[in-house]
Amino acid sequence: MGKIVAMTGNTAAYTGAALCRPDLIAAYPITPQSSVVEGLAGMVYNGKLDSSFVQVESEHSAMSVVQGAAAAGGRVFTATSAQGLALMYEPYFRMSTLRIPMVMALATREMTSPETIWSGQQDAMSVREAGWIQMFCESNQEILDMMLQAYMIAEDPRVQLPVNVCYDGFYSSHLIEGLEVPSQDEADAFLPPYAGKTYLDPGQPAALDPLTPGDLMMRYRKNHLEAMKAAQEVIEEVDRKFAAQFGRSYGGLIEEYKTEDADVVLVTIGGMSGTGKDAVDDAREKGIKAGLIKLRFVRPFPAERLARALKGKKAFAVVDRSVSFGWSCGPMYMETRAAVVDADRYAHFSAIGGLGGADLSCGHMVSVIEKLEAVKNEPGEHETLWLMND
Amino acid sequence: MSYIDVLKETQNVMTPGSSACQGCGGELILRRVMQIAGNNSVFAVPPGCMAGAGVDGWNFSNGCTAPIHITLLDNTASFMSGVSEMYQRKGRPDVNIVAIAGDGATADCGFQSLSGAAERGTKMLYVCYDNEGYMNTGYQRSSTTSLGSSTSTTPAGAAINGKEQQQKYLPLIMAMHNIEYCATASPSNMADLVAKIQKGLEASKRGFAYLHVFSPCPTGWKFAPDQSIQVARKAVAANLCPIWECEKGVFKLTPNRKPIPIAEFVRGIGKFKKLTEEEIASIQALVDARYALLEKLAAE
């Protein structure tokens, strides 16, 4: 039986990662992720975790070291945020396109400029075309649980892709919550030892990733897209398997909250979802039929489930903690619109808030619901709502 | 065993059929490193002449008989750190972990990851074949390009006469990382090169080993392909490529107290055709000072 412990999101992340028994960890400190690296280093240096810990000189090398270890057959882990993710972009893209599974925690943070160290999801959103599976967590329990699920999803033979476990920098990474920590035996019963392929093996010599002509490249890309599609089913399966053992289900690709009879729906990502649920309760008390859909996965994008969940509703708004330059809206709004093929049957708009650590309050969420309620009978796109305090 | 017997009794790991230029120093160095390391190795070769020449396989007609990966231009040492850690963890320290990279991937954009891996004492052998530039893409300058060299990004022009800076001397920088083994070599001194590859592989079982090998490039430097070994020999004779090694901080210099002048080395090499007297004097001063420093480091 697991035990109940109060811990931060970063502690939940490294505790979950450690339960997965990684062969090798390579990471470089960056705010707000640093305590993940510190926590794992502490466990290894105190003999509580049997992993190789490689002290790298940059995030570019962190991703490169884990790439080498994974190519040599290891289960590997790293963590980063914002500028660190940007620096590791080159081996990051290659990790997914090599089709080698691994897990990386991403304590999401705003991208500079303006100079910032605070929360935001621009880092994760900016790499959503880099071929990784990206999941977003709301609570610290979810962060820990998703570490176990992430390895299982990544290593599934139908998937074979790296997974980002994203959670909001500071709001989740530094927030303390009580959560249940599975025992090592329970974790082992859920996640089997890694049986990955050793790609660089003198016993079976082969060239890993030689220069590849376009025709073959096309086949690889098509396979990668098919694996992303297959991952949707695997994600749901793993959620059910996890629920059967631990009694906690997160809904797989999306979570729906009071959507069944809703007229107007908030679509949220990550930590803001809890605030959104409070705002929905608040609106319900005022007689507004509000509901919420939490996007739990950004890649693969849960287009089908999202469209089904929105079917028959009058209006939706997507709250983004990042922007899409060139579209004058948030990126998840853009993708939600694309997923809902008949978007113009709904009233809909993008809401942008919480950039660079700015507060994304219950009041902001209420204002989104109020606007939805006001425009719900006017189908089509409405102006982007900036959730600012002035 | 003499180096000739060593080469006779080891197999080529790289198959025939690579598309390297005639007289390529890089290919000669790579073949010797690979055959001495043998098939119980994992090799990494970043983009550059050797990857471009298809040492890891191209068109199903040539390849390598040992596992090999084309790393990124800037992550060869860190990628191989991960491979090495996993092999130590698996209880397979017998597997040689070997990187073979050009000077661009080593001294320029790959330098950070190289320095990191060296500082950590990663168990691997890193061999740099230094042909003083980005040859695979048409000879752009690198930080190891000699002063006054006419390259495609530092042409000997009417306003600026070739590369304006002296070369960065990487081997001493690597020696200052307190690594197990650091050495320079030249394909013109094959017995020395073979011995150093063997020593480097041995040292890679204890920690980081680095070998910096002078690599003549007829195509980029513009000299006849049959002159490659001669150019390498003159580079050693002129002290542009002094031969030394450093084992755990102890320097050993192969003496060359009567060097030929730099003016004699540069003669006949196209990239140096427009060197001025001042530039020749400046390179001469650099190599003299470098040799004097190495003599001091190697003094008992």
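**Close-up 1. The largest cavity and its lining in a predicted model.** Fourteen residues aside, start with the centre: B:Asp130, B:Tyr169, B:His212, B:Leu240 and B:Cys241 lie nearest to it, out of 14 lining residues. A cavity here is a set of points, on a 1 Å grid over the protein atoms alone, where a 1.4 Å probe fits but cannot get out, and lining residues have an atom within 4 Å of a point. The volume comes to about 140 Å³, taken as the space filled by probe spheres set on the points, with grid points joined across faces, edges and corners. Strand E6 (residues 208-214) of chain B supplies three residues, the largest share of this lining. Helices (H or I, at least four residues) and strands (E, at least two) are DSSP runs, numbered from the N terminus. Sorted by class, the lining has seven nonpolar, three polar and four charged residues; Ala, Val, Leu, Ile, Met, Phe, Trp, Tyr, Cys and Pro count as nonpolar, Asp, Glu, Lys and Arg as charged, and the others, Gly among them, as polar. The count of cavities of 30 Å³ or more is three.

As for bookkeeping, residues are numbered from 1 along each chain as its sequence is written, with chains lettered from A and ligands numbered from 1 in the order in which they are written. The model being predicted, local features need pLDDT of at least 70, side-chain atom pairs count only at pLDDT 80 or more, and totals for chains, interfaces and linings use all residues, while side-chain values use heavy atoms, with hydrogens and water left out.

**Close-up 2. The largest pocket, with lining from chains A and B.** A pocket is an open set of grid points with protein on both sides within 12 Å along at least five of seven lines. This one has a volume of about 1100 Å³. Its lining runs to 34 residues, and A:Asp209, A:Pro210, A:Leu211, A:Thr212 and A:Tyr220 lie nearest the centre. At least two lining residues each come from helix H5 (89-97), strand E9 (207-208) and helix H9 (214-246) of chain A, and from helix H3 (49-52) of chain B. H9(A) gives the most, six residues. By class, the pocket lining has 17 nonpolar, twelve polar and five charged residues.

**Close-up 3. Helix H1 of chain A and what follows it.** H1(A) covers residues 9-19, and ten of its eleven residues are buried, so the helix is largely enclosed by the rest of the structure. Buried means under 20% relative accessible area, exposed over 50%, and partly exposed in between (1.4 Å probe, protein chains only). Among the buried ones are A:Gly9, A:Asn10, A:Tyr14 and A:Leu19. Just after the helix, A:Arg21 takes a positive phi of about 50 degrees.

**Close-up 4. A:Ser173 in its loop.** Look between strand E7 (163-168) and strand E8 (176-181) of chain A for this residue. A:Ser173 has 1% relative accessibility and counts as buried. Not counting residues up to four places away in sequence, A:Ser173 touches A:Thr8, A:Gly9, A:Asn10, A:Pro32, A:Ala107, A:Tyr167 and A:Asp168; contact means heavy atoms within 4.5 Å.

**Close-up 5. A:Gly252, between H9 and strand E10 (254-257) of chain A.** Leaving aside neighbours within four places in sequence, A:Gly252 is in contact with A:Ile235, A:Glu236, A:Asp239, A:Arg296, A:Phe297 and A:Arg305. A:Gln232 sits 20 residues from A:Gly252 in sequence and 8.4 Å from it in space, C-alpha to C-alpha.

**Close-up 6. Helices H4 and H6 of chain B.** The axes of H4(B) (residues 76-89) and H6(B) (residues 111-120) come within 6 Å and cross at roughly 40 degrees. That makes H4(B) oblique to H6(B). Axes are lines fitted to C-alpha atoms, for helices over the stretch in contact, and angles run from 0 to 180 degrees between N-to-C directions; under 35 degrees counts as roughly parallel, over 145 as roughly antiparallel, 65 to 115 as roughly perpendicular and the rest as oblique. On the H4(B) side, B:Thr76, B:Ala77, B:Ser78 and B:Ser81 meet B:Ser113, B:Leu114, B:Ala117 and B:Arg120 of H6(B). This contact has three nonpolar, four polar and one charged residues.

**Close-up 7. Cis bonds in chain A.** A:Ser113 and A:Pro114 are joined by a cis peptide bond with omega of about -5 degrees. A:Pro114 is in the loop between strand E5 (103-108) and helix H6 (122-126) of chain A. A cis peptide bond also joins A:Arg299 and A:Pro300, with omega of about -5 degrees.
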